[in-house]
Structure formats: C-alpha cells, structure tokens
Amino acid sequence: MEFYVFLLIIATPAFARKNAEGRIREYVLNQPGYSPRERPVLNASDPVNVTLSLQIYAMVDLNEKDQTITTASWITLTWRDERLTWDPNEFEGSDNVIVYYDEIWTPSIVLTYAVKLDGMQVVTVDRGTIKLYYDGSVVLGTPYIQTTQCQMIIYYFPFDTQTCLLIFTPENQSTKELNFTTTTSWYPSSIVNNQWELLAFTATNYQADLEFSETLHTFQTGIYSLSLKRDPNYYITTIVIPSTLLCLMSYATFLAPPDSGERIGLGVSMVLGLTVFQLLVTNILPTASKNAPIISTYLTNTFVLSCLAVPFSLFNITIVYGDSKISVLRRPKFRKLLLETLPRLLFLTTYRERVQEDFGIVSKDSDIVTMATVEELPTNKVQPMQTIPATISETLGYQEKKKLEARIVGLVMDRLVLLCFLIAYMIIVIIVVLKFNSTSGMNMTWADTAV
C-alpha cells in the first residue's frame with residue numbers, strides 16, 4: 001500500500017502539468033474573438049516585429065552548371081502575439097505551451113530565388129511545432145533545407161571565391177504591417193565539405209520604397225551572404241598537371257632525330273591523349289557563356305600548340321627527306337646562318353664539324369678540307385692518312401652534300417621550333433598567372449549585382 005502511495009505522489013506533478021497545459025491552451029486559444037488569421041496586435045496600427053535567425057550546418061550541393069546551392073540549416077522565427085498571454089501563477093507555474101501551425105497566427109516569409117516551390121515558404125504546416133510563452137512570445141525553430149539560385153562567377157576557377165545569397169522577405173506586407181529583421185544564430189555556422197570552405201556568413205537588412213495607388217510603401221528584405229572558398233588541390237592534380245605534362249611531351253618530339261620512325265607516332269599519340277583528356281575535362285569544368293574560366297583558355301591554348309607540333313614535325317621531316325635542294329642555302333648569308341651560326345647557338349653540330357666527323361679533318365681555313373675515306377686505304381696494310389686539299393663542294397658528291405645540308409637545317413629548325421613553342425607556352429603561363437593574380441574583378445560577386 002505504501003508503494004502505490006509513493007508512485008501516486010511522484011506522478012501527481014506530471015498530471016498537474018498536463019492539466020495545466022490543457023487549461024492554458026483552452027484559455028488562450030478559445031478566448032472570445034480570437035482568430036489566427038488576424039495580426040497578433042491589440043492596436044491595428046502597430047506592426048508585428050518578426051525576427052528570423054539562420055544557422056547553416058551543412059552544404060548539400062553547389063552545382064556550377066545549374067548555378068544553384070542547396071544548404072541544410074536551422075531556422076528560428078520569433079515574434080509576439082499580444083493576445084495570447086496568461087499569468088503562470090494561475091496555471092501552476094507553467095510559463096510555456098506547445099501550439100501548432102494552424103492554431104495561431106504565423107508570418108508569411110518567403111525565400112526569394114528558391115528553385116523549388118515547396119521550399120519557398122519558410123513557415124508551413126509540416127515545419128514543426130511552435131512554443132508559446134506566457135508573455136505572448138512565440139518561437140518557431142525547425143530544420144530547413146533549401147535550394148536557391150546562386151549566380152557564380154567562375155572566371156578564376158579553381159582558385160575562386162563564391163558568394164551566394166539567401167534572400168528572405170515578408171510576403172505582401174510592408175513595414176506598416178510587419179517589421180522584419182534577420183540575424184545570424186548565436187551558434188556559429190559551419191560547413192563540412194571536401195571542396196568548399198566557409199569564409200563568412202553575415203546577415204544584412206535592406207528596405208525598399210515602392211509606390212502603389214499614389215501611396216508610398218516600404219518593404220523590408222533580409223539577405224544572408226554565404227562566402228565560400230574552393231579548395232583547388234583536386235583540380236590541380238586532375239587537370240592542370242596532366243594537361244601540362246601532355247603538352248610538354250608533345251614538344252619533346254622535336255628532340256627526336258628527323259629520321260626517327262617514332263617521331264610522328266609520338267606526336268599523334270600526344271594529340272590523341274590531349275583530345276581524350278579534353279573530353280574528360282569538359283564534364284568537370286563549369287560552363288559559362290560569358291567570362292569563361294581562365295583555366296579553359298589555358299587548356300585551349302596548350303591544346304592548339306600541341307596540335308601545331310605535328311605539322312611542324314612533318315615540315316621538318318620534309319626538309320630532311322625532300323628531293324629538292326633548299327633554295328635559301330644558295331645565298332651565302334643564309335647558308336652561313338643555317339649551317340654554322342645557328343647550330344653553334346643551339347648547341348648542335350655545325351656543317352663543317354659534321355663533315356669532319358664523317359669525311360675527314362677540316363683545317364682552320366674555312367674553305368679547305370682534308371679527307372681520307374676507308375675506300376682510299378689499301379686493303380693489305382694501313383698507311384698514314386693522306387692529305388688531299390680540296391674545297392668541301394669539290395670533295396663531297398652532290399647527293400651527299402644535299403643530304404648533309406638538309407639534315408643540319410632540319411635539326412636547326414627542330415630546335416628553333418622547340419624554342420618558339422616553349423617561349424609561346426611560357427607566355428601563356430605568365431598571362432594565366434597574371435590573370436589569376438589580378439585584383440580587377442576578383443571581388444565582383446553576385447552580391448554586388450543582386451542588391
């Protein structure tokens with residue numbers, strides 16, 4: 001018997017609490033003249049003060065192609081209903097009670113630029129419960145997943161910083177009916193994402209005056225600014241480094257001898273590799289009709305240079321194996337430039353040095369060559385090398401001379417073209433780096449154009 005009395009004593013406050021809550025609901029919700037459709041003020045000329053607080057705890061998706069952002073947040077709306085008050089002393093000290101969406105007045109706040117219609121209204125039937133306090137204060141807290149438009153400037157991709165705006169505004173209510181204010185939550189917002197880092201999350205309130213029926217109305221808007229910085233490491237390892245290596249490998253074909261059979265095959269393989277790589281990169285890079293990303297320009301220019309390497313290789317091979325004599329060598333100045341001066345500057349074997357290696361020993365005299373070939377030596381014994389003064393043109397045959405000149409010119413052209421390609425590539429890299437480091441337009445975001 002004593003045990004049951006003990007349980008009854010413990011359970012009594014719970015029953016009393018429940019009865020108190022029921023009596024509070026009956027007292028405040030069933031009072032004469034109360035309607036949840038009317039604004040919660042006793043004086044019709046007074047506005048309702050509504051405060052919206054937002055805390056973002058996750059970024060579900062940021063789609064560059066569709067220009068949308070999806071975030072998960074906790075949203076809190078507070079206001080005061082002057083009609084729903086009671087004295088806690090009359091209800092066993094109960095100072096709050098749970099009410100529901102259709103039982104009291106709730107503000108109509110919409111998310112501007114929402115992609116989905118069901119995410120536009122902040123307060124809905126399934127948005128959760130509402131806590132009502134004895135002084136009429138109302139607090140509505142609920143999780144909120146929204147997808148809204150986020151116009152991104154991807155010119156500096158992947159070293160870009162994006163600013164997305166979440167714009168909330170009362171629906172068809174001016175400051176005479178509703179005084180709307182936005183704030184950030186006391187608990188700091190944070191985003192756990194492998195690609196983006198949250199830099200700042202701020203709230204700003206704006207007012208706009210509009211004239212209807214010769215009457216000036218003031219409307220309020222709350223704007224949350226979400227600044228995000230992209231982590232470029234993934235794109236550097238998957239786009240920049242592979243494309244750079246493929247481009248440099250295509251230039252390496254000019255280091256191979258013109259008579260190498262794998263030269264054209266290597267160049268074509270590099271171009272095919274870059275083509276496949278470009279197709280893969282297309283699905284990664286964000287699309288933009290205006291101000292294409294700098295990295296897209298870099299990839300396009302390197303691809304064009306790599307493609308040009310193949311016809312230049314064919315041109316040099318044509319010089320080496322062509323049947324016609326190189327016409328520019330008929331002029332002494334060009335002949336000396338291509339066969340003597342440029343090879344020395346490009347660290348190649350000159351024409352006279354090649355003659356020395358293949359046919360004999362060249363003297364200090366620029367026109368005299370001393371030659372001794374294997375055919376001239378007796379087969380039964382070895383004799384000292386014979387010195388036969390002669391000019392190079394007289395000593396070498398026409399075909400031998402033409403092939404040797406063509407080979408020297410081909411090697412010179414290879415090095416010149418390689419040097420030109422490397423200079424062009426370095427110019428492209430310098431331009432790209434300067435564009436990334438430029439400050440003009442870096443701070444231009446959608447916030448500057450939307451507000």
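Trainee: Is Cys150 buried or exposed?
Mentor: In this predicted model, Cys150 is buried, with a relative accessible area of 0%.

Trainee: And which residue does Cys150 form a disulfide with?
Mentor: Cys150 forms a disulfide with Cys164, the sulfur atoms being 1.9 Å apart, and Cys164 also counts as buried, at 1% relative accessibility. The pair links distant parts of the chain, since Cys150 lies in the loop between strand E6 (137-149) and strand E7 (161-170), while Cys164 lies in strand E7, 14 residues apart.

Trainee: Left-handed or right-handed, that disulfide?
Mentor: The torsion about the S-S bond of Cys150 and Cys164 is about -75 degrees, so the disulfide is left-handed.

Trainee: Switching to helices, at what angle do H2 and H4 pack?
Mentor: Helix H2 (residues 233-251) and helix H4 (residues 294-321) pack at an angle of about 20 degrees with their axes 9 Å apart, and they are therefore roughly parallel to each other. H2 passes H4 in a left-handed crossing, and by class their contact has nine nonpolar, five polar and no charged residues.

Trainee: Last one, where is Thr106 found?
Mentor: Thr106 sits in the loop between strand E3 (96-99) and strand E4 (109-112), and at 15% relative accessibility it counts as buried. Leaving aside neighbours within four places in sequence, Thr106 is in contact with Trp79, Tyr101, Val123 and Ile130.

Notes:
Residues are numbered from 1 along each chain as its sequence is written. This is a predicted model: local features need pLDDT of at least 70, side-chain atom pairs count only at pLDDT 80 or more; totals for chains, interfaces and linings use all residues. Side-chain values use heavy atoms; hydrogens and water are left out. Helices (H or I, at least four residues) and strands (E, at least two) are DSSP runs, numbered from the N terminus. Buried means under 20% relative accessible area, exposed over 50%, partly exposed in between (1.4 Å probe, protein chains only). Contact means heavy atoms within 4.5 Å. Axes are lines fitted to C-alpha atoms, for helices over the stretch in contact, and angles run from 0 to 180 degrees between N-to-C directions. Angles under 35 degrees count as roughly parallel, over 145 as roughly antiparallel, 65 to 115 as roughly perpendicular and the rest as oblique. A crossing is left-handed if the near helix is turned anticlockwise from the far one by less than a right angle, and right-handed if clockwise. Ala, Val, Leu, Ile, Met, Phe, Trp, Tyr, Cys and Pro count as nonpolar, Asp, Glu, Lys and Arg as charged, and the others, Gly among them, as polar. A disulfide is a pair of cysteine sulfur atoms within 2.5 Å.
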